[in-house]
Amino acid sequence: MLARANRVTRPVDFRTAVRRGRRVGTNGAVLHVLPSATADARRFGFIVSKSVGNAVTRNLVRRRLRAVSRELVSVVPAGTDVVMRALPGSATLPWSTLQSEITESVGRAVS
């Protein structure tokens, strides 16, 4: 589980990251990366809609995205919000593929 300080929780923060953040796409997710002027922590948020699958599938995808985020906390610069929107094909991707795609995409977006 990500620490509370490392999670995007307010709807306005999700909206801001999606609308103004730098967008990077992968086969399993679309990442919105936004340097935040107010926050000091690295924060991650997840959007997993019903198009991904049923509740069990959505929770599996959300757990996978959280696991990748835990590894990225030390890589992402402080004061950055990363919102990950899962795509319908993300449930069928192997763990290693999903992990490498997201790690590479975050690296591209923050540089």
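Accessible areas come from the Shrake-Rupley method with a 1.4 Å probe, and for residues only the protein chains shown count as cover. On that basis the chain exposes about 6,000 Å², of which carbon and sulfur atoms supply 51%. This is a predicted model, in which local features need pLDDT of at least 70 and side-chain atom pairs count only at pLDDT 80 or more, while totals for chains, interfaces and linings use all residues. Residues are numbered from 1 along each chain as its sequence is written, and side-chain values use heavy atoms, with hydrogens and water left out.

The chain contains three helices and four strands (DSSP runs numbered from the N terminus: helices, H or I, of at least four residues; strands, E, of at least two). From the N terminus, their order is α-β-β-β-α-β-α. The radius of gyration of the chain is 13 Å, close to the 13 Å that the globule rule gives for 111 residues, so the chain is as compact as a globular protein of that length (taken over C-alpha atoms; the rule is 2.2 Å times the number of residues to the power 0.38). Its C-alpha trace spans about 35 × 25 × 25 Å along the principal axes.

Now to a single residue. Glutamate 101 lies in helix H3, residues 95-110. Beyond its neighbours within four places in sequence, glutamate 101 is in contact (heavy atoms within 4.5 Å) with Thr26, Asn27, Gly28 and Leu93.
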